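Please keep the sequence and the coordinates at hand while reading.

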Amino acid sequence: MENNPTMEKIVNLCKNRGIIFAGSEIYGGMGNTWDYGPIGVEIKNNIKRAWWKMFVQENKNAYGVDAAILMNSRVWDASGHTASFSDPKMDCKECKARSRADNLIEEYAKKHNIDVCPDKMTNEEMEKFIDDHKINCPKCGKHNFTNIRQFNLMFETSRGVTEDNQNKIYLRPETAQGEFVNFLNVQRSMRAKVPFSIAQIGKAFRNEVTPGNFIFRTIEFEQMEHQLFCKEGQDVEFYEEYKQKAMDYLVRLGFNREHLRYKDHDKLAFYAKAACDIQFKYPMGWEELNGIHNRTNHDLSRHQEYSNKSMLYMDPVTNEKYIPYVVEYSIGADRLMLAVLCEAYNEEKLENETRVVLKLHPSLAANKLAILPLMKRDHGDKANEIYKELSKHFMCDYDESGSIGKRYRRQDEIGTPFCLTVDDNTINNNTVTIRFRDSMEQITLSIDEVKDFVLKNIQF
Ligand code: GAP
């Protein structure tokens, strides 16, 4: 059994099985954009649903929002993104490829076991490191770079008909600000008492130079973000609690705990009290999957300053007034999707073949049940009847083409937890065979029992 897939295997499976395709493919693609296919969109929706269930539905002090992607530009002045959300980039003078200087240094350091932290280096120090170590352009292999320049990562667009600086707006680079700017709205309308949290799932956009790695780092992606507002002094405990909850979510999704680890940040933002990531062992190595930050009362204080609206919260019991602290938990839905696929991918040697099986948590699988008539002519009508009824309750697939063995394999590759075979016994006795994806064992159930059996086994 192999469950250490290469990125190439994951990309090929995604392309061939309707999970993820290259964006705008028929036009030659559009660097770093990806389209989710019929199977992929279901898996990703299920990932988001599970997150919402754990962090909103199961938490009586959590409130969801869905804020606009386009926000008043002052938001980004307040958040600091206009001034300093940038990457150090350099161009190759030979082939014109653009690279991130910090990435070049990190990759070189990893390969040569050098302890260095580009986040703590000035542009001049990074240029010197790249020169001293003769680091070459990853595209053409030559060493002939421009100086480093800082590029802001926000995508700009303009509102209205004339394009001038006054109309300049941005595609949001994170969903978090939609939660901060609605702090007062949510607190008042929901009569929320601190501590409480605001959660949101939505698209974010960053004009990143990326070294590939499929959907790990893209220019358009979805974030699932959760801001816990609390009183100063409670923040340390909540920070620890959310570190644990973030890990619990992943383990509940089926991750092996040994494939995950905490990594404290080497460098903290000036306002932050603590920050750490949970990393996953991706095919290219250990990389950030999500982040947990103790952001103090920096965010709400900045919005108070820039909007002139008081962000003071008055405690209804003690009458104390304060600007709440924020513990942020943030995870990319696409980056998690990649981790889920890598974790679930298995190759198993059977007698005469190797089967590829995605051992997804059943709640994440695109289809919960595949309905397979043994013979189309004799069993097709009954199978269609079953499909019509069960698809009202959960996603089902219907497949009548090819041998039953081939049909099982196709379902294994997309992670369908159960296959239901319709045969003569179904016609004569109303019984069906249910085949389990992971063990390949089979049981017999009466048709009436199938709905509850599946519903019971697909809970997150
Ligand atoms: N509000 C905090 C924030 O946005 P971040 O570390 O920049 O923090 C949070 O992003 C998470 O969003 C990351 O841990 C990652 O899962 C995801 N993410 C960030 N940039 C991404 C990108 N370019 N492509 C895919 N996912 C990304």
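The model is a predicted one.

With that numbering, Pro195 falls in the loop that connects helix 8 (183-189) to strand 9 (196-205). The peptide bond between Val194 and Pro195 is cis, with omega about 5°. Asn32 is not a glycine, yet its phi is positive, at about 65°; Asn32 sits in the loop between strand 1 (20-22) and strand 2 (34-36). Asn113 is likewise not a glycine and has a positive phi of about 55°. The loop that holds Asn113 runs between helix 5 (101-111) and helix 6 (123-132). These angles are worth noting because most residues other than glycine have a negative phi, and most peptide bonds are trans.

Next comes the ligand. There are 19 residues around the ligand, and those that come nearest are Glu174, Arg206, Glu208, Glu225 and Glu288. By class, the shell consists of 8 charged, 6 polar and 5 nonpolar residues. Strand 10 (220-230), strand 13 (285-294) and strand 16 (325-332) each contribute at least two residues to this shell.

Which atoms of Glu174 and the ligand are 2.6 Å apart? The pair is an N or O atom in the Glu174 side chain and a nitrogen atom of the ligand. Glu225 also places a polar side-chain atom 2.6 Å from a nitrogen atom of the ligand. At Gly332 the backbone takes part: one of its polar backbone atoms is 2.9 Å from an oxygen atom of the ligand. On its own the ligand has 550 Å² of accessible area, and the protein covers 90% of it.

The last stop is the second largest pocket, which holds about 380 Å³ of space. Its lining comprises 17 residues, and Asn46, Arg49, Ser363, Lys368 and Ile458 are the closest to the pocket centre. Which element gives the largest share of this lining? Helix 2 (residues 38-57) does, with 6 residues. Domain 1 (50-74 + 170-343) and domain 3 (367-457) each provide at least three residues of the lining. In terms of class, the lining of this pocket is made up of 8 nonpolar, 5 polar and 4 charged residues.

Definitions and conventions. Residues numbered from 1 in each chain as written. Predicted model: local features only at pLDDT ≥ 70, side-chain atom pairs only at ≥ 80, totals over all residues. Heavy atoms only, no water. Near = heavy atom within 4 Å. Polar contact = N/O pair within 3.5 Å; in protein donor to acceptor, adjacent residues only side chain to side chain. Areas by Shrake-Rupley, 256 points an atom, 1.4 Å probe, with all protein chains shown as cover. Helix = DSSP H or I, 4+ residues; strand = E, 2+ residues; numbered from the N terminus. Nonpolar A, V, L, I, M, F, W, Y, C, P; charged D, E, K, R; others polar. 1 Å grid on protein atoms, 1.4 Å probe; cavity = no way out; pocket = protein on both sides within 12 Å on 5 of 7 lines; lining within 4 Å. Points joined across faces, edges and corners; volume = space filled by probe spheres on them. Domains from an automatic or database assignment.
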